[in-house]
Amino acid sequence: MSHLDLQGLQKSFGANRVVRDFSLSIDKGEFVSLLGPSGCGKTTVLRMVAGFETPDTGAIRLEGRDLIPLRTNARNVGMVFQAYALFPNLTVAQNVGFGLKVAGVPRQETAERVAEMLDLIGLPVGDFGSRYPFQLSGGQQQRVALARALAPRPRVLLLDEPLSALDAKVRVRLRSEIRTIQRHLGITTIFVTHDQEEALSISDRVVVMNAGILEQAGTPFEVYNHPATAFVASFVGTLTPFEARVLESETGLVDVSGRRLRLGRRLPRAAGEALTLALRPEALRLGRPEDEAIQLSGVAREVEFMGSIIRIRAEVGGTPFVLDTFNRPDAPPPAPGEAVDISFSPRDVIVVGA
Amino acid sequence: MTRIAAWTIFLLGCIYFALPLWGMTEFSLRMRRGEYSFDAYASILSNPEFQRTFLFSVTMALVTIVVGVLLVVPTAFWVRLKMPELRPFVEFVTLLPLVIPAIVVVFGYIRLYNTGSWLPLTGTAMGTNALLAMGYVMLALPYMYRAVDTGLRAVDVPTLTEAAQSLGAGWITILGRVILPNVLTAVLSGAFLTFAIVIGEFTMAAILNRPAFGPFMQRLGQDRAYEPTALAVIAFVITWACMGLISLVARTQKHTRAAGR
């Protein structure tokens with residue numbers, strides 16, 4: 001039996017159906033990210049688990065117990081908010097101990113637990129315990145919010161875009177810290193984000209949502225490399241999609257704008273049917289192909305220097321391709337307008353929806 | 001030129017406000033012929049009626065503040081959290097005491113709660129005091145509600161409430177330990193304004209025939225010369241002390257000072 005079970009959740013606000021038939025089972029200790037664009041319903045799902053919203057239909061079971069009749073304060077679910085939501089009138093130690101005080105935990109035990117939590121997030125109680133939230137940086141405030149949510153030992157931890165308000169460097173460091181702490185405590189966690197890099201980098205499983213619908217749930221590797229729908233393919237990572245027509249389903253022979261490509265695998269469509277194929281930027285290479293690679297000739301339109309990676313947007317027969325290549329000081333990238341050879345292996349072609 | 005004009009207007013303003021106060025204070029010190037003294041103040045402070053009426057009004061002010069806070073804080077919190085669309089209506093209701101004269105209200109009270117009514121509050125002194133306190137709560141409503149609502153505006157009420165809920169807090173804990181401390185400065189501003197209003201209120205107390213400070217000031221003014229002006233100075237000092245306390249509280253609130261950075 002799964003630790004947290006969401007079954008057939010539906011939620012509408014007026015005529016707007018925000019979540020549609022959402023079902024998901026989460027194992028104990030699993031870190032699941034809900035990923036999707038703004039307004040896709042990911043936060044609403046989280047808020048239904050927290051008890052801030054009541055689903056129109058469906059069930060939420062935690063360790064087999066129905067959560068829906070329970071109020072938020074009786075669910076023992078910890079939550080971290082985008083805006084930190086630290087109590088401004090309380091010190092760091094008082095914030096972290098708030099949930100324990102509410103639960104009537106003895107003072108000595110509360111103090112020990114607060115110290116333990118603050119040590120866990122790297123803000124020792126001796127240095128930070130008596131500070132007020134306004135005396136902390138954004139990253140420190142969010143760490144305290146995490147410690148506060150974890151202090152009462154919740155059964156599930158909910159993170160509602162906790163890194164969105166932070167600057168890029170702090171965001172990357174903190175997400176790794178969150179994952180380390182989550183692994184250390186083994187707490188079941190749902191993380192809501194619209195940042196695919198965040199979701200892919202720290203999750204056991206990524207759930208991609210669009211317009212209230214669960215599009216795909218899988219490991220980051222599965223979601224990135226085998227997108228189940230055209231939306232997932234386009235939303236997760238950068239992708240060059242192109243249309244093809246199946247010539248032979250068994251051998252994977254397709255026709256792309258009059259050119260025949262053999263993908264070397266069975267296709268999910270019958271001969272004569274249309275199919276969407278796609279290529280990741282890292283699947284494309286500059287220059288002469290290997291033996292089995294397919295070569296295309298085009299023109300570089302834009303060249304973006306991104307440090308270790310150089311992203312080239314090239315046009316091949318009217319189709320824009322995005323290509324990533326490692327930066328090598330001895331091999332400068334092509335200039336915009338320059339002719340380029342692009343190659344890729346047929347096995348790197350993604351069949352969207354396969 | 002503009003600078004000189006600005007200073008001139010400022011000085012004229014100061015004179016306009018300060019001169020009557022100075023005149024009044026100076027007059028209150030001239031009770032003893034030929035020299036300045038605090039005789040008028042001593043006379044008032046030793047007057048048992050002053051002590052009795054002042055104590056009554058202070059007590060009424062404290063009751064009004066407690067009832068007002070208990071009424072306004074949860075209302076403003078709930079409106080902001082759950083019914084934001086009702087804010088204009090609630091604001092309109094809280095502003096009504098400014099446009100409905102106190103005399104109309106108090107006659108309405110007497111008609112509704114007289115000894116022949118279903119709730120004969122005016123039949124006993126305690127009942128009349130309760131009626132007066134209700135009237136004061138209503139009079140102070142525009143100030144208390146505005147102060148609390150402004151305080152709540154500076155706080156992310158929905159998120160803090162949800163954060164507290166997720167940590168196991170119920171409504172009373174949320175109001176008492178999260179919301180109220182964060183709007184304490186605003187509540188105290190409203191409380192001090194309420195105090196100042198109640199201490200000087202005349203109409204309701206006089207018509208309900210309660211031994212309040214306002215009617216005492218009026219009676220004293222009928223047959224004395226220096227004491228009423230001394231009393232007016234005392235009333236001003238109390239009001240200013242309230243104002244000073246508002247700013248003092250705002251300065252000493254550590255987290256509020258930070259929020260205002």
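Mentor: One term before we start: a residue is buried under 20% relative accessible area, exposed over 50%, and partly exposed in between. Also keep in mind that this is a predicted model.
Trainee: Okay, so is B:Trp78 buried, exposed or partly exposed?
Mentor: B:Trp78 has 34% relative accessibility, so it counts as partly exposed.
Trainee: And which ring does B:Trp78 form an aromatic pair with?
Mentor: With B:Trp171, in an edge-to-face arrangement, 5.1 Å centre to centre and 75° between the planes. B:Trp78 is in helix α3 of chain B and B:Trp171 is in helix α8, so the pair ties together parts 93 residues apart in sequence. B:Trp171 is partly exposed too, at 30% relative accessible area.
Trainee: How many aromatic pairs are there over all chains?
Mentor: The count is 19. Another edge-to-face one is B:Phe50 with B:Phe213, at 5.6 Å between centres and 70° between planes. That pair links distant parts of the chain, with B:Phe50 in helix α3 and B:Phe213 in helix α11 of chain B, 163 residues apart.
Trainee: Is B:Phe213 buried or exposed?
Mentor: B:Phe213 is buried, with a relative accessible area of 0%. B:Phe50 counts as buried as well, at 7%. Ring pairs also join B:Phe50 and B:Phe213 with B:Phe54 and B:Phe216 into a cluster.
Trainee: Switching topic: which residues touch the most other members in the largest nonpolar core?
Mentor: That core has 103 residues, and the ones touching the most other members include A:Leu4, A:Phe22, A:Phe87 and B:Tyr136. Helix α3 of chain B gives the largest share, 13 residues. A separate core of 32 residues has A:Val96 and A:Leu136 among its members.
Trainee: Last one: where does B:Arg224 lie?
Mentor: In the loop between α11 and α12 of chain B. The side chains of B:Arg224 and B:Glu227 are joined by a polar contact of 3.1 Å. B:Arg224 has a relative accessible area of 40%, so it is partly exposed.

Conventions
Residues are numbered from 1 along each chain as its sequence is written. Chains are lettered from A and ligands numbered from 1 in the order in which they are written. This is a predicted model: local features need pLDDT of at least 70, side-chain atom pairs count only at pLDDT 80 or more; totals for chains, interfaces and linings use all residues. Side-chain values use heavy atoms; hydrogens and water are left out. A nonpolar core is a set of buried Ala, Val, Leu, Ile, Met, Phe, Trp, Tyr and Cys residues joined through side-chain atoms within 4.5 Å. Buried means under 20% relative accessible area, exposed over 50%, partly exposed in between (1.4 Å probe, protein chains only). Helices (H or I, at least four residues) and strands (E, at least two) are DSSP runs, numbered from the N terminus. A polar contact is a pair of N or O atoms within 3.5 Å; within protein, one must be able to donate a hydrogen and the other to accept it, and residues adjacent in sequence count only if both atoms are side-chain atoms. Rings of Phe, Tyr and Trp (its six-membered ring) pair if their centres lie within 6.5 Å; planes under 30 degrees apart count as stacked, over 60 as edge-to-face and the rest as tilted.
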